[in-house]
Amino acid sequence: MIKTIKVMLCPNNKQKTKLFSCAGTARFIYNWTLWYQQTNYDFGYSFVSDVELRRILTTLKQTNPKFRWLNDYSNNIAKQAVKDACKAYLNFFRGLADYPKFKSRRKSKPSFYADPVKISFTGTHVKLEKLTTSKKKNKQKFNLVKLAEQGKIPVNAKYSNPRITFDGLNWWISVGIQCEESQEKSTNQGIGIDIGIKDLAVCSDKKVYKNINKTAKVRKLKKKKRRLQRRISKKYSKNKKGVCYCKTRNIVKSEKELLRVTHQLTNICHNYLHQTTSEIISRKPKFIVLEDLNVKGMMKNKHLARAVQEQCFYEFYRQMEYKCHWNHIKFITAGRYYPSSKLCSCCGYVKKDLKLSERVYVCPECHNTIDRDFQASVNLMRYGLTA
Ligand SMILES: [Zn+2]
């Protein structure tokens, strides 16, 4: 089983510059490959394989002075960029994707590839290839970039597909690591989970996880975000020249601040989701049942859309699924039309006209009174027993 680990990098200023130019190299090669394939196609020739293209690139590097600068960068950056572009181009012809676009300097996300054999990790640093071209020993230190979290990536493991990316504020490295599967079997009772807007998750073993968007800290940040957005939009309209908008230094500064706040918010939300899902998993249930959420359908409802988006239901779902897979827990989804909240957990009566505002379920048949979300989770757990 391969687990992917992502860790933030703490490069110094010189390393930052170098990382950006590495990403620039990858972008240049990607665009060059697309251009080559396009002109080739326009002249009526067939698709050129990535092996052939890399051969052409090597001769270009040796003969054309316009390509000589590529020698200062790791070969693997170019290699993977050619491969990625060829794959994108082929995917279009197979009808799997849209026609690949050129990567723009402004809009594309800076990222590049490192060779899994040549990359190495110490507990605190990652050693990248050819950040410095000097062979002097004291300058080789430049290749070592500090990691923000120590000891998270194992030393001397088998790595796969390392990618270095920039998210607008920070540099990150993500790497796949071959892990041994745990053979431990979970034996405790299964858990049904009802996901909702009032509370994030209600479990059938009476555990309730609150909605984090209602806490004071998140509210304060959201207010700050709204203010920043307003300020930026005002600045744009103030500095308008004729019909075109102009980006001043102040706007760039404010946009960075906005990005920081947005990241902070998503980090808080995702961290909370990770804590929640991990805690549920740590109770070692035999199986976990979730309802098949119709997220797209819920997004169409204007009253629900924002709450649904803020709660990151899809992310919760995704985390639950892969964490179950890692821990050998059976992951069950109840069908979209399973009446989890309309079903009475005592007598099995289905209350068809249940409104969203009815928080307490009162059964007209057996007069059973129970919290609506808790009952849904119990029903889901029972669904899991029969599935
Ligand atoms: Zn009943």
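Colleague: Let's start with the overview: how many helices and strands does the chain have?
Modeller: This is a predicted model, so we are reading computed features throughout. The C-alpha trace spans about 85 × 60 × 50 Å along its principal axes, and 24% of the 387 residues count as buried. As for the elements, the chain has nine helices and 14 strands.

Colleague: What distance separates the centres of domain 1 and domain 2?
Modeller: The domain assignment gives domain 1 as 2–178 and domain 2 as 191–386. Taken over C-alpha atoms, the centres of domain 1 and domain 2 are separated by 36 Å.

Colleague: Which element supplies the largest share of the largest nonpolar core?
Modeller: That core has 34 residues, and Cys22, Ala26, Ile29, Ile77, Ala81, Val82 and Phe112 have the most contacts inside it. Several elements each supply at least two of its residues, including helix H1 (13–42), helix H2 (50–63) and strand E2 (111–113). The largest share is eight residues, and it comes from H1.

Colleague: Which residues is Ala26 in contact with, leaving aside its neighbours within four places in sequence?
Modeller: Ala26 is one of the residues with the most contacts inside the largest core. Once the neighbours within four places in sequence are set aside, its contacts are Ile77, Ala81, Ser111, Phe112 and Tyr113.

Colleague: Which strands are the edge strands of the open sheet of seven strands?
Modeller: Follow the order of the sheet, which is E2-E6-E7-E1-E5-E4-E3, with antiparallel pairing. An edge strand here pairs on one side only, and that holds for E2 and strand E3 (120–121).

Colleague: And what is the bridge partner of Val126 in E5?
Modeller: Strand E4 (residues 125–127) and E5 run antiparallel and are joined by three bridges. Looking across to E5 from Val126, the bridge partner is Val145.

Colleague: What angle does the direction of H1 make with that of E2?
Modeller: H1 packs on the sheet and touches E2, E5, E6 and E7. Comparing its direction with that of E2 gives about 80 degrees.

Colleague: Is Ala201 buried or exposed?
Modeller: Find Ala201 in strand E9. Leaving aside neighbours within four places in sequence, Ala201 is in contact with Ile193, Ile195, Tyr209 and Thr276. A residue needs 20 or more other C-beta atoms within 10 Å to pass the cut-off. Ala201 has 24 C-beta neighbours inside 10 Å, so it counts as buried.

Colleague: What distance separates the C-alpha atoms of Ala201 and Asp373?
Modeller: Ala201 and Asp373 are 172 residues apart along the chain. In the model, their C-alpha atoms are separated by 8.8 Å.

Colleague: Is Lys206 buried or exposed?
Modeller: Lys206 is found in the loop between strand E9 (199–203) and strand E10 (208–210). Lys206 has a positive phi of about 70 degrees, although it is not a glycine. The cut-off for this class is 12 or fewer other C-beta atoms within 10 Å. Lys206 has 9, so the residue is exposed.

Colleague: What phi does Cys312 have?
Modeller: Cys312 sits in the loop between helix H7 (305–311) and helix H8 (313–326). With 19 other C-beta atoms within 10 Å, Cys312 is partly exposed. Although Cys312 is not a glycine, its phi is positive, at about 55 degrees.

Note on methods. Residues are numbered from 1 along each chain as its sequence is written. This is a predicted model: local features need pLDDT of at least 70, side-chain atom pairs count only at pLDDT 80 or more; totals for chains, interfaces and linings use all residues. A nonpolar core is a set of buried Ala, Val, Leu, Ile, Met, Phe, Trp, Tyr and Cys residues joined through C-beta atoms within 7 Å. Helices (H or I, at least four residues) and strands (E, at least two) are DSSP runs, numbered from the N terminus. Two residues are in contact if their C-beta atoms, placed from the backbone, lie within 7 Å. Two strands pair if DSSP finds at least two bridges between them. Axes are lines fitted to C-alpha atoms, for helices over the stretch in contact, and angles run from 0 to 180 degrees between N-to-C directions. Domain bounds come from an automatic or database domain assignment.
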